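These are my notebook entries on one structure, written down in the order in which I looked things up.

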Amino acid sequence: MSDRPQPLHIRIFISSPGDVTDERSIALQVLERIQYDPLLRGQITVEAVAWDKPGADTPMLATMTPQEAINLGLPTPAVCDIVVVIFWSRMGTPLPDDYTRPDGSRYLSGTAWEYENAVQASRENNRPLVVVYRRMQDVNFNPRDPQFARKLEQWERVEAFFAGFVNPDGSIRQGYNPYQTPDDFREKFETHLKSLIKRLLDETPPAGAVAKREAAQLWKGSPFPGLRAFTSADAPIFFGRGAETDALLQRLSDPACRLVAVVGASGSGKSSLVGAGLIPRLAANAIEGSRDWTTIRFTPGELASGDPFEALAVALARDLPGLRGTPARDLTHRLHEQAESLGEIAQKGLSERPLWAELVLFIDQF
């Protein structure tokens, strides 16, 4: 056992464009738990440095760029111990002219600036430890999408960025860690993080005894829901279905996909997969814009009448802001007479939501 006088405080900076919010959420979850790992408990404390960390919001002044606001409100990557950089399909927004390299060229984005700030400090001081991840999953490009040209340009910038990791002769100049899905990222990141923390502990001279402290209580009550399915409220303790959740997200991210069926034996966890796996990931913006989607869950035979249209109508009237005050019986009658009117009903129900908002109907026990 180490005789370090107090836990080693480790600052970990999370840097990325906005298209990998799923991975950012996973990284913050891992950082929250890692200090309570039985093999690390009492040896470290972890400070996550991320603009989307709860409570880390910085004031955005009218006279500042977003990067300036972040830099004033958060430690820069150069002063952290570990810097985690994550890319997929976007590089981000170019920084203004007052953020330039020594040669006068502009940074492609705030993430590019954060990466280079960390790498330069690492080369000069051997800190921070910089680790780069890249999601290799294919990106859906729709030529009819009004944003097609912008999305393609972003993708090409990411390609150009990673081209710099290879020398002209094809040899590796800098390393990065490819992965396919957010769940793959979780597995890699947890393993890599423990290795990086061990390296920091080994490099820190020990002296004295380890300060003991109790791990925070992350979950109150039993983690076993009994016979009921897991719900979104149980997401922090729902594990083991990351690959299946990634597959559902991949299906839903396809604009042409309007129906996904989860089929399995009774009691195999279908409802839990959707309720505690998929829906929380959508709320965390796993698909761009999905944080603004509305999810409605209902069971076709849950009402005394046994009428599936009535069960749907009650759920719509209850959960869609744009349908407030609309009698469920009117919606029931309309759905009975013209089932295809569901699209118009949903559009009205989402009228108070952003234009990109979608309606996700979770039909449990379909």
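This is a predicted model: local features need pLDDT of at least 70, side-chain atom pairs count only at pLDDT 80 or more; totals for chains, interfaces and linings use all residues.

I began with helix 8 and helix 9, whose crossing is right-handed; a crossing is called right-handed if the near helix is turned clockwise from the far one by less than a right angle, and left-handed if anticlockwise. Helices here are DSSP runs of H or I with at least four residues, strands are runs of E with at least two, and both are numbered from the N terminus. Residues are numbered from 1 along each chain as its sequence is written, and side-chain values use heavy atoms, with hydrogens and water left out.

I then looked up the geometry of this pair: the axes of helix 8 (residues 308-319) and helix 9 (residues 328-337) come within 8 Å and cross at roughly 130°. That angle makes helix 8 oblique to helix 9. Axes are lines fitted to C-alpha atoms, for helices over the stretch in contact, and angles run from 0 to 180 degrees between N-to-C directions; under 35 degrees counts as roughly parallel, over 145 as roughly antiparallel, 65 to 115 as roughly perpendicular, and the rest as oblique.

Which residues make the contact? On helix 8 I listed Phe 309, Glu 310, Leu 312, Ala 313, Val 314, Leu 316 and Ala 317, and on helix 9 Ala 328, Leu 331, Thr 332, Leu 335 and His 336, where contact means heavy atoms within 4.5 Å. By class, the contact of helix 8 with helix 9 has nine nonpolar, two polar and one charged residues. In this scheme Ala, Val, Leu, Ile, Met, Phe, Trp, Tyr, Cys and Pro count as nonpolar, Asp, Glu, Lys and Arg as charged, and the others, Gly among them, as polar.

Next I turned to helix 6 and helix 7, whose axes come within 10 Å and cross at roughly 55°. The two helices are therefore oblique to each other, and helix 6 passes helix 7 in a right-handed crossing. The residues of this contact divide into six nonpolar, three polar and three charged.

Helix 6 (residues 242-252) also packs with helix 5, at an angle of about 145° and with the axes 8 Å apart. I found Pro 182, Asp 183 and Asp 184 of helix 5 in contact with Gly 242, Ala 243 and Asp 246 of helix 6. By class, this contact has two nonpolar, one polar and three charged residues.

I traced an open sheet of five strands in the order 2-1-3-4-5, with parallel pairing; two strands pair if DSSP finds at least two bridges between them. Strand 2 (44-49) and strand 5 (177-179) stand at the edges, each with a single partner strand, so one side of each is left without a neighbour in the sheet. On average, and with direction ignored, neighbouring strands are turned by 20° against each other.

How many bridges join strand 3 to strand 4? I found six between strand 3 (residues 82-87) and strand 4 (residues 129-135), which run parallel. Val 85 has Val 132 of strand 4 as its bridge partner. Helix 4 (residues 148-163) packs on the sheet, touching strand 3 and strand 4, and its direction makes about 135° with that of strand 4. Helix 5 (residues 182-203) also packs on the sheet, touching strands 1, 2, 3, 4 and 5, and its direction makes about 170° with that of strand 4.

Strand 4 is mostly covered, with six of its seven residues buried; buried means under 20% relative accessible area, exposed over 50%, and partly exposed in between, using a 1.4 Å probe and protein chains only.

**Loops**

In the loop between helix 3 (110-125) and strand 4 I looked up Pro 128, which a cis peptide bond joins to Arg 127, with omega about 0°. Asn 126 lies in that loop between helix 3 and strand 4 and has a positive phi of about 65° although it is not a glycine.

Is Asn 126 buried or exposed? Asn 126 is exposed, with a relative accessible area of 59%. Asn 285, in the loop between helix 7 (270-283) and strand 6 (294-298), has a positive phi of about 70°, but Asn 285 is buried, at 6%.
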